[in-house]
Amino acid sequence: MSKQHINIDDIPIESLELVDVRADDAEKITRPSLSFWKDVWMRFRKNKLALSGVVLLILLLFMAIFGPMMTPYNYYENNLEAVNEAPSAEHWFGTDNLGRDLFTRVWEGARISLFIGFSAAVIDLFIGVIWGGIAGFRGGRLDEIMMRAADILWAVPYLLLVILLMVVLEPGLTTMIIAMTITGWINMARIVRGQVLQLKNQEFVLASQTLGAKTNRIMNKHLIPNTMGPILITMTLTIPNAIFTEAFLSYLGLGVPAPLASWGTMASEGLPAMRYFPWRLFFPATFISLTIFAFNVIGDGLRDALDPKLRK
Amino acid sequence: MDKVLEVKDLEVSFFTHAGEVKAVRGVNFEVRKGETLAIVGESGSGKSVTTQSIMKLIPMPPGKFVGGSILFEGQDLVHKSDREMESIRGKEIGMIFQDPMTSLNPTMKVGRQIVEGLMKHEKISQSDAKKRAIELLDKVGIPMPDKRANQYPHEFSGGMRQRAMIAIALATKPKLLIADEPTTALDVTIQAQILELMNELQEEFGTSIIFITHDLGVVANVADRVAVMYAGQIIETGTVDEIFYNPKHPYTWGLLSSMPDLTNEEEELTAIPGSPPDLVNPPKGDAFALRSAYAMKIDFEYEPPMFQVSDTHFAKTWLLHRDAPKVEPPPIVQKRIQYFREKKQGKGEPNGSR
Amino acid sequence: MFIYILKRLFFMIISLLVIVTATFGLMRAAPGGPFTGEKELPPAIQANLNAFYGLDQPWYKQYFDYLVSIAQWDFGPSFTYKGQTVNDLINNGFPVSFYLGMEAILVAVAVGILLGTIAALKHNEWQDYGAMIIAVLGISVPSFIIASVFQYFLAMKLGLFPVARWDSFMHSVLPALALATTPMAFIARLTRSSMLEVLSNDYIRTAKSKGLSKNVIILRHTIRNALLPVVSYMGPLISAILTGSFIIEKIFGIPGLGMHFVTSITNRDYTTIMGVTVFFSILLLVSILLVDIAYGLIDPRIQIAGKKGD
């Protein structure tokens, strides 16, 4: 395209004058520099699977909020005249063995499952950032002790501990969230610590330290924004894990107590009825899977978008 | 002298989301038997793409040969199949890479990594290949080669690893060796040792070398001829003496003035302002014009042809047009040219050509 | 190497102590648990409990005695089964669970690596998307749903396999597949990303520049290095198989330790829960230690023998 040839002798003499272009034009040729998060978003947006995860998640959240209001039923009232009904205009997702409307219960369950997932992630984040941040930033002996303690706790098999706690403690939402976070934060703490250690010695932090910035300020201004990426990924992957664990516990009969309905309890109640009333399993199972799917692809998408190695 | 390699009008592009990146835009050069050609340029100038194209190591897709030919001993490599290339790579053409840290397989013993290539190209037994590998390690200056052959790369230092890489590349006595910034990742003292080793081995094997670097300082010590690349094109080419004593292209001047560690005197280094152009939409005319202090109106209209300076010296700049204003290189470059001349006379030996 | 293992053993024992203590403490706190006497128990079981835990003794004596029993591989009596000890349950149930678990691990590792390798070699082609869709599904669908769907369609509808019970190899196929699905999906993803990472390494280019053929490069330089992270996933894999077995054994009516454990949870058979938890914990910690040692032996970059014994 740029190859336009001209006979050397045809060149008009005035076009061979020096012109000064450098000062104003030299910078124009460089690609516009994007801010980090804008860049991440650009790359994330190109990942269609991850984007579909976001759309799916927004739909699920919307239905969790408004779904139960769309029907004249509530999640706990039995109706023995309409037991195990197939999906119809009256009951969109059918009814269960006590005649409760499954559409209402599924979205009520969405609230509980998502609440468990998000709470677990937020609590993990809270403890993990504090623990890992302090350990990494202070370093030395304190770091050694804190991380050893975490290692020992980490070695305790997660699900066994959760089961044990659920057996002993009073069943309920709070218990479940406590049980899940009791060792869940360790992963977050390790990641935060690793990031802090890596960043601590980088020039810009050393520079602000020599300039006399206070520890708090360094943490807030430099470390936390820079560790956001891996933290975000870990959180997105904690949520589906928690929802999974909830379903697992429900199946063992350690779920939230009736008449509360989580997707896990609904699915495990629906299992034995699978042969005759498949919709009782189908709806909760589908939505558990869709939710976990959405979070997983979002997490993958974030990881790819945040990985600077792929930056071209 | 006969040509080992002749690259003609080579064009290589990468087809990405952002569009066609024209990484190599019509490159011509040749390598004669036993000589060293240095290709110099900033990162992103297309020098690595050019040389990896010769070995066909460019991932395709997204890479693609758009035009031109690569004649190795008269055969066009562009149209060779993967199968045919396998018998050329590592046998006829060897390659050394920039980072010896990552260029060796960390989970394979160093000896085995040499043996592997030998066994592929020569009909020799495992034990003979092993013997040859140990000899090679000895030849590239690795002490206790029989013990070292049984070690993993992480047990080697950076300089030793690069020596091992050279042993791998020269195992089958290739006719052409491509060294892609082989000393960039090494300490200065080790750099010198590696360069010396390459010079020695070149004399012994009669290998031709393409030496890629962004550092003109290294070029003076190894090369016979130099090609300066910018934005996917060769913009000046000549013998070492011509490039160092009589550079013609403003970009070459820029490279010369940004070269560190030449003298002990304190002097400022001048960086070339701006950055290389976007090769998705290469600028019209002279790609360097926007960064040049010697740009002319015509630079924004027409791409300059290769003007001949001498039999061996060519430069792609409108400044060489007979009607163009006569400009002198900037003072710092003149000073350096002066310095090279003095150094050459003082030492009584030519700086660079052996 | 020796010092490294000793060090790891030491920390493993501390972790075990934490587990045993936590278990003991939680059981003491449990309403209707073995130590509270709130529940009416058959006299024979009460006598067993007294004999084992020394219920008339102070708590620290009970705790200490319990530690000693565990060290002697004695997990105590069952809370609800007369004349059964937890050791009996383990001896009966564990071989079954072990067989099932091994079968599942084999399937998960073999299929997972295969899928992951195909996906990486055909990066961004339909094979890649296909394998990764299978993997994301495997991760997203809880195993009890997968197990039920398998059971319903493959056994009940199509009659290809027995619906439940544990008599022959055919009985083990469906449960092993169901158990393997989730870890298989993880392994496939892990293999794929690790392969892609290895393929982008400079030494692959070096291998290519030696003139090695594509297949040789993949077999000799890629797969081996790409599988190292998969080896380090073996620890979590064993633990996933173990907890997965609770559900799978129950669904398929397999008389393994997992099913006993679930039954004991439903019956609030506290002493069995306690004993089996401790047993599982020991099992997991030992396997993870073995996996780590194996990893150190496979990867030459890790020198656990050297000074950096951490």
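Across the interface of chain C and chain B, 13 residue pairs are in polar contact, both residues being at pLDDT 80 or more; a polar contact here is a pair of N or O atoms within 3.5 Å, where within protein one must be able to donate a hydrogen and the other to accept it, and where residues adjacent in sequence count only if both atoms are side-chain atoms. On the side of chain C that touches chain B, α8 (202-209) and α9 (214-232) each supply at least two residues, helices (H or I, at least four residues) and strands (E, at least two) being DSSP runs numbered from the N terminus.

Before I go on, please keep in mind that this is a predicted model, in which local features need pLDDT of at least 70 and side-chain atom pairs count only at pLDDT 80 or more, while totals for chains, interfaces and linings use all residues. Residues are numbered from 1 along each chain as its sequence is written, chains are lettered from A and ligands numbered from 1 in the order in which they are written, and side-chain values use heavy atoms, with hydrogens and water left out.

Staying with the interface, the contact (heavy atoms within 4.5 Å) takes 20 residues from chain C and 27 residues from chain B. The two chains bury about 2,100 Å² between them, 55% of it on carbon and sulfur atoms; buried area is the accessible area, with a 1.4 Å probe, that two parts lose on being put together, summed over both. In chain C, the residues that lose the most area to chain B are R205(C), S209(C) and K210(C), together 29% of what that side buries.

K210(C) also forms a salt bridge with E116(B), with the closest N and O atoms 2.7 Å apart, and the count between chain C and chain B is 2 salt bridges. The term means a side-chain nitrogen of Lys or Arg within 4 Å of a carboxyl oxygen of Asp or Glu.

Now to chain B itself, where an open sheet of 4 strands runs in the order β2-β1-β4-β5 with antiparallel pairing, two strands being paired if DSSP finds at least two bridges between them. Because β2 (19-32) and β5 (75-76) stand at the edges with a single partner strand each, one side of each is left without a neighbour in the sheet. Strand β1 (residues 3-16) pairs with β2(B) over 11 bridges, and K3(B) has R32(B) as its bridge partner in β2(B).

Elsewhere in chain B, K139(B) and E204(B) form a salt bridge with closest N and O atoms 2.8 Å apart. K139(B) lies in helix α5 (residues 126-139) and E204(B) in helix α8 (residues 188-205), so the pair ties together parts that are 65 residues apart in sequence. K139(B) is partly exposed at 40%, and E204(B) is partly exposed at 47%.

Note on methods
Buried means under 20% relative accessible area, exposed over 50%, partly exposed in between (1.4 Å probe, protein chains only).
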